[in-house]
Amino acid sequence: MPRKRSLLQKQFDDSSSDDDCSIILSAAQILQIASKEKGPHGGSVKGHKVIYRDREAGHERMYQDYLAENPTYGPDLFRRRYRMSRNLFLRIMSDVEDHDDYFVQKRNAANVLGLSCFQKVTAAMRMLTYGTAADAADEYVRIGESTTLESLRHFIRAVVELYEDEYLRQPNEADTARLLAMGEKKGFPGMLGSIDCMHWVWKNCPYDKQGQYKGHVDKATIILEAVASDDLWIWHAFFGLPGSHNDINVLHRSPLFDNLAEGRAPAVKFSVNGHDYNMGYYLSDGIYPSWATLIQSISRPMGNKQQYFAKAQEAARKMVERAFGVLQSRFAIVRGGARFWDIETLTLIMRACVIMHNMIVEDEGFMMDHNESFDYGGETVEPARGRLARTLDEYIEAHQQIRNKDTHVQLKEDLIEHLWNHHPDLYSYKI
C-alpha cells in the first residue's frame with residue numbers, strides 16, 4: 001500500500017523538480033522533525049491525555065501554606081523546606097520574575113490562567129533542595145514534569161545572571177581585610193581561606209564520555225574546586241572538569257591565581273616571625289604542590305612544634321570541608337547523582353547553588369560592613385591596593401613568586417614558630 005504524501009510533498013511533486021525545490025523540501029522536513037523533538041511545545045500530540053490540575057487552586061493553597069499573613073507553616077518550617085528565610089526567598093522570586101518573562105503569570109489562548117511565579121520557583125527549589133525527580137512536586141505544586149524541568153533551567157540561569165557578580169565575586173579590599181582578620185584569629189596571619197575539591201557523581205553521564213569522567217572511583221564525576229572561609233562563604237568556585245583529574249590538574253587549570261598574577265587582586269602584606277611577605281595563602285591538604293600561596297600540613301611531624309602546627313593546620317583547613325557539607329545539606333541535588341544529560345545545565349545548577357548558599361550565609365548573619373573594626377586584625381597584617389595592569393615580564397615574575405618553593409618552606413617554618421610562641425592554647429594539644 002503506497003504511503004500517503006503530505007500536502008507539502010504533493011505541492012512540490014506537482015511543480016517543478018528543480019534543485020531549489022528539493023533543498024526547500026529537505027529544510028522543511030528538518031524543521032518538522034526538530035519541532036517534534038522539542039516535545040509539547042511543538043503543538044498538540046495525538047492521543048495525549050490532558051490532566052486538569054486546577055493550577056489556580058494549587059497556587060491559592062500554596063500561598064496560604066507559606067506566604068499568607070498567618071501561614072499554615074511558619075518561618076521555621078519555611079526555612080526547613082526552602083533552605084532559606086522567607087524574606088530572602090521573596091527577594092529572589094521577585095528579582096527572577098522581573099529578570100525573566102518566563103516567570104510572569106500569563107493566560108493561554110483559551111484564557112486560562114497559567115502557573116504563577118511562586119509555583120514555578122517552588123518546583124525548581126524542590127528539585128534543588130530535596131534532589132527529587134521532576135514530577136515529584138506535581139501533586140502539591142500542580143505542575144507537569146516537562147514544565148518543572150523548564151522552570152528549573154530558567155531559574156538557575158536567572159540566579160546566575162542576577163547574582164553572580166556579587167555573590168561569586170573575587171575578594172575586594174574590604175573582603176580581604178576580613179579574611180585576614182579571620183586568619184589571624186586562627187593563628188595563621190596572611191591566610192585567605194582553605195582550598196579543596198569535591199566530586200559530584202554524574203548518574204546520567206553519556207556512555208561515550210564515561211571513560212573521560214571516571215577517576216579514582218568507578219563512577220563518572222564532575223569536580224568542583226572551591227575556596228571557603230571560616231564563615232562558610234565560598235569565595236571561589238571552579239566547576240566542570242572531568243573526574244579523571246586530580247586536585248593538582250584542576251589547580252593548574254583553575255583561574256584562582258589569575259587576578260593575583262595579573263595585578264588585579266588586592267595585595268596582602270604581613271609579617272611572621274620577623275619575615276615580611278606580600279602574598280596571602282590558602283590552607284590545603286597534602287596533594288597540593290609546595291607553592292608560596294599554599295600551606296599544607298606535615299605528614300610526619302617531628303617534635304612538639306611540628307606536631308602542634310600539623311594539628312592546627314588540619315583543624316583550620318576543615319573550613320572548606322564544612323562548606324561542602326553545608327552546601328550539600330542545603331541543596332541535596334549536588335549530594336546525589338546528577339540526572340541531567342548535559343554539562344551546561346549541571347554547571348548552572350552548581351553555580352546557582354553556590355550563589356544561593358552565599359546569599360543564605362549573608363542573610364543569616366554575615367553582613368559586610370566596610371567600616372567594621374576587626375579585633376584580631378593585628379598590626380602586622382593589612383591589605384594593599386594592587387595595580388590594574390602588568391607587563392609580560394611582571395606577569396611571569398608574579399607566577400614565579402606564586403610557585404616559589406623556597407618562600408613556601410620559609411613561610412611554613414615561620415608559621416610553626418608563630419603558632420607555638422603566640423597561640424600555644426588556641427588548639428588543644430597534649431605533650
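Tutor: Gladly! Two strands count as paired if DSSP finds at least two bridges between them. Keep in mind that this is a predicted model.

Student: How do you know that strand 1 and strand 2 are paired?

Tutor: Strand 1 (residues 191-201) and strand 2 (residues 221-228) are joined by 8 bridges; the definition asks for at least two, so they count as a pair. They run antiparallel, and His199 stands opposite Ile223 in strand 2.

Student: What makes strand 3 and strand 7 edge strands?

Tutor: The open sheet has 5 strands in the order 3-2-1-6-7, with mixed pairing. Strand 3 (234-242) and strand 7 (294-295) each have a single partner strand, so one side of each has no neighbour in the sheet.

Student: What makes you say that helix 13 packs on the sheet?

Tutor: Contact means heavy atoms within 4.5 Å, and helix 13 touches strand 1, strand 2, strand 3, strand 6 (281-283) and strand 7. Its direction makes about 50 degrees with that of strand 1.

Student: How do you know that the length of helix 13 agrees with what it should be?

Tutor: At 1.5 Å a residue, its 28 residues (303-330) should span 40 Å; the end C-alpha atoms are 41 Å apart, which agrees. Helix 13 also has a kink of about 30 degrees, centred on Met319.

Notes
Residues are numbered from 1 along each chain as its sequence is written. This is a predicted model: local features need pLDDT of at least 70, side-chain atom pairs count only at pLDDT 80 or more; totals for chains, interfaces and linings use all residues. Side-chain values use heavy atoms; hydrogens and water are left out. Helices (H or I, at least four residues) and strands (E, at least two) are DSSP runs, numbered from the N terminus. The expected span of a helix is 1.5 Å times one less than its number of residues. The bend at a residue is the angle between axes fitted to the seven residues ending there and the seven starting there. Axes are lines fitted to C-alpha atoms, for helices over the stretch in contact, and angles run from 0 to 180 degrees between N-to-C directions.
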